[in-house]
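Please read them alongside the coordinates.

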Amino acid sequence: MEDEHLLIANALHDHNAFRVLVNRYYPLMLSVAKSIIGDSLAEEVVQEAWLSAYRNLAKFEKRSSIKTWLFTIVSNEAKNRLRKENRTISMSDISEGSQDTFLERYGSNGHWSNPPTHWHNDTPEALLNNHQLKDCLNQYMAKLSVQGRAALTLKDMHGISLDEICNILDVTASNVRVLIHRSRHQIFEHIEHFQETGTC
């Protein structure tokens, strides 16, 4: 943490220190941008986010980590770009009145009521060695809601805490949990389908 604070202080006056920040966090920010807006505009969104970060670095109050602060900036840039592209961020998938097909898999005790079928490969690593499955996973991720995909990417790929995800995506903790749970379930169902049929 001290190293991070020193780097931030130096980056205010030293372009080389700012370049270190960029090198450290650019790939992560690109991943967040892609999860929200897709591959085609992600690079541009991240560049805009870095410009914004550079202009506002002196205002960074260290109430969160620099990573969370940068993720919030890139998330906001991506969502703003979505609005400019005349798209909307749908929150319908977290409305309380919706019926969830994934709930049918679990009993009142929280255990499987409808267990998953046996996967042909023994480990997640073995599954991910399958290039066709990787291609399918990319397709599945693209089909998730914008918020669901972003929440899942932040939590499972980057290990961001629920509280930080709430700040980054500007949603409540209960909504984040629902988004992540539903997204995981949808991905799980697609993997199960792939294992059963060999197709996406």
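**Notes on the predicted model**

1. Seventeen is the count to check first: the largest pocket is lined by 17 residues, with Leu 137, Asn 138, Met 141, Thr 153 and Met 157 nearest its centre. A pocket here is an open set of points on a 1 Å grid over the protein atoms alone, where a 1.4 Å probe fits, with protein on both sides within 12 Å along at least five of seven lines; lining residues have an atom within 4 Å of a point. Two or more lining residues come from each of α2 (15-37), α6 (131-143), α7 (146-157) and α9 (173-197). Helices are DSSP runs (H or I, at least four residues), numbered from the N terminus.

2. The volume of the largest pocket is about 570 Å³, taken as the space filled by probe spheres set on the points, which are joined across faces, edges and corners. Its lining has six nonpolar, five polar and six charged residues. Ala, Val, Leu, Ile, Met, Phe, Trp, Tyr, Cys and Pro count as nonpolar, Asp, Glu, Lys and Arg as charged, and the others, Gly among them, as polar.

3. Leu 162, Ile 165 and Cys 166 of α8 meet Ala 173, Val 176, Arg 177 and Ile 180 of α9 (contact: heavy atoms within 4.5 Å). These residues divide into six nonpolar, no polar and one charged.

4. Mean pLDDT (the predictor's confidence in each residue, from 0 to 100) is 79 for the protein chain, and 76% of the residues score at least 70.

5. This is a predicted model: local features need pLDDT of at least 70, side-chain atom pairs count only at pLDDT 80 or more, and totals for chains, interfaces and linings use all residues. Residues are numbered from 1 along each chain as its sequence is written, and side-chain values use heavy atoms, without hydrogens and water.
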